Amino acid sequence: MSWFKRDSHQIVTDRTKTVRTEGLWTKCGNCGTAIFKADLDTNLQVCPKCGRHFRFDALARIENLLEPGYELVDLNLRSTDPLKFTDLKPYKRRLEEAQKKTGLNDAIVNAVGHIGPHPAILSVMEYSFIGGSMGAVVGETIARAVDRAHDTRTPLIVVAASGGARMMEGIASLMQLAKISAALARLADAQVPFISVLTDPTTGGVTASFAMLGDLNIAEPGALIGFAGPRVIEQTIRQKLPEGFQRSEFLLEHGFLDAIVERKNLKSYLANTLAWFGQASIR
Ligand SMILES: [Zn+2]
């Protein structure tokens, strides 16, 4: 019998055989490949087909870079909402939601541990916490990592991922740029190495301060790095920007970065760098 002459009630679908796959797959925004999320997790959130680096959680980054036995530190700070800021939503509520979503107090995590045999202090920004924006807590936590590096003469690595200063904290946010930069100047005077790792995106006040102050400034491939965003610049100068403007590769070519390092190679790159700095300080 032809399908079209069949009565619909005679066509039976066994619904127990359907498999729910929503939430298990994601699509690469660069090459369009559908990727099994578990594969993305094992591949450090990098597309297995085209190598696009997706955003990486701060805690997963620390786990990836430090040897087991590391310690998370400086965890007790929380924003007091000094301006009692309200926009579409009260800032206090946004903080609570971000804290619930990420399990963190703010957009930063400090850790002390080793990369290979080399002691290191790590300060890693969390983009999914209000766009990795830098308020007083982020600023103070990074400053504490710098002070700890200074006092213990341990190399410092800061992994940036940020939309810039946190507007809901106004001037209390902006003064963090100067505070961290001053602390880094003291660290440089003490000749303790500071390596800045820029990831997608690193923009605004973070680029304008500590992210560009490393003894080495390195970035992940394809990361957006800049002060103002490309649309703002185009509207201001009324010119079309060149292809790849503000991406890591463009910045490396124009001398703003020292290297681009793929995520899977970052740990060994940092271990080699720390070994080199260690030998350099002995001479
Ligand atoms: Zn891809």
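Trainee: Which residues make the nonpolar surface patch of about 280 Å²?

Mentor: A patch joins residues with over 30% relative accessible area and no salt bridge, like charges within 9 Å and nonpolar side chains (Val, Leu, Ile, Met, Phe, Trp, Tyr) within 5 Å. Areas come from the Shrake-Rupley method with a 1.4 Å probe, and for residues only the protein chains shown count as cover. Here Leu 24, Trp 25 and Phe 36 make the patch. This is a predicted model, in which local features need pLDDT of at least 70 and side-chain atom pairs pLDDT 80 or more, while totals for chains, interfaces and linings use all residues. Residues are numbered from 1 along each chain as its sequence is written, and side-chain values use heavy atoms, leaving out hydrogens and water.

Trainee: Where does Phe 36 lie, and is Phe 36 buried or partly exposed?

Mentor: Helices (H or I, at least four residues) and strands (E, at least two) are DSSP runs, numbered from the N terminus. Phe 36 belongs to strand β2, residues 34–36. Buried means under 20% relative accessible area and exposed over 50%, with partly exposed in between (1.4 Å probe, protein chains only). With a relative accessible area of 31%, Phe 36 is partly exposed.

Trainee: How many helices and strands does the protein have?

Mentor: Eight helices and nine strands. The C-alpha atoms fill a box of roughly 90 × 45 × 45 Å along the principal axes. Of the 283 residues in the protein, 43% are buried.

Trainee: Which elements give two or more residues to the lining of the largest cavity?

Mentor: On a 1 Å grid over the protein atoms alone, a cavity is a set of points where a 1.4 Å probe fits but cannot get out; a pocket is an open set with protein on both sides within 12 Å along at least five of seven lines; lining residues have an atom within 4 Å of a point. Points are joined across faces, edges and corners, and a volume is the space filled by probe spheres set on them. The structure holds one cavity of 30 Å³ or more, and the largest cavity has about 120 Å³ of space. Strands β5, β6 and β7 each give two or more residues to its lining, and β6 gives the most, with three. Of the 17 lining residues, Phe 56, Arg 61, Ala 161, Thr 199 and Asp 200 lie nearest the centre.

Trainee: How does the lining of the second largest pocket divide by class?

Mentor: Ala, Val, Leu, Ile, Met, Phe, Trp, Tyr, Cys and Pro count as nonpolar, Asp, Glu, Lys and Arg as charged, and the others, Gly among them, as polar. The lining of the second largest pocket has seven nonpolar, four polar and no charged residues. Its residues include Met 212, Ile 225, Phe 227 and His 254, and about 150 Å³ of space lies in this pocket. For the largest cavity the division is ten nonpolar, two polar and five charged.

Trainee: Which side chain meets Arg 61 in a salt bridge?

Mentor: Side chains of opposite charge can pair when their charged atoms come close. The criterion is a side-chain nitrogen of Lys or Arg within 4 Å of a carboxyl oxygen of Asp or Glu. The structure holds 13 salt bridges. Arg 61 meets Glu 220 at 2.8 Å, N to O. Arg 61 lies in helix α2 (residues 58–65) and Glu 220 in the loop between β8 (216–219) and α6, so the pair ties together parts 159 residues apart in sequence. Both Arg 61 and Glu 220 are buried.

Trainee: Which helices hold Arg 186 and Asp 147?

Mentor: Arg 186 lies in helix α5 (residues 170–189) and Asp 147 in helix α4. Their side chains meet in a salt bridge of 3.4 Å, N to O. Arg 186 is partly exposed at 44% relative accessibility, as is Asp 147 at 32%.

Trainee: What is the phi of Ile 130, and which peptide bond is cis?

Mentor: Most residues other than glycine have a negative phi, and most peptide bonds are trans. Ile 130 has a positive phi, near 45°. Ile 130 sits in the loop between β5 (118–125) and α4 (136–152), and is buried at 13% relative accessible area. Arg 238 also has a positive phi, near 55°, but is exposed at 73%. The bond from Asp 200 to Pro 201 is cis, with omega near -10°, and Pro 201 is placed in strand β7 (residues 194–202).
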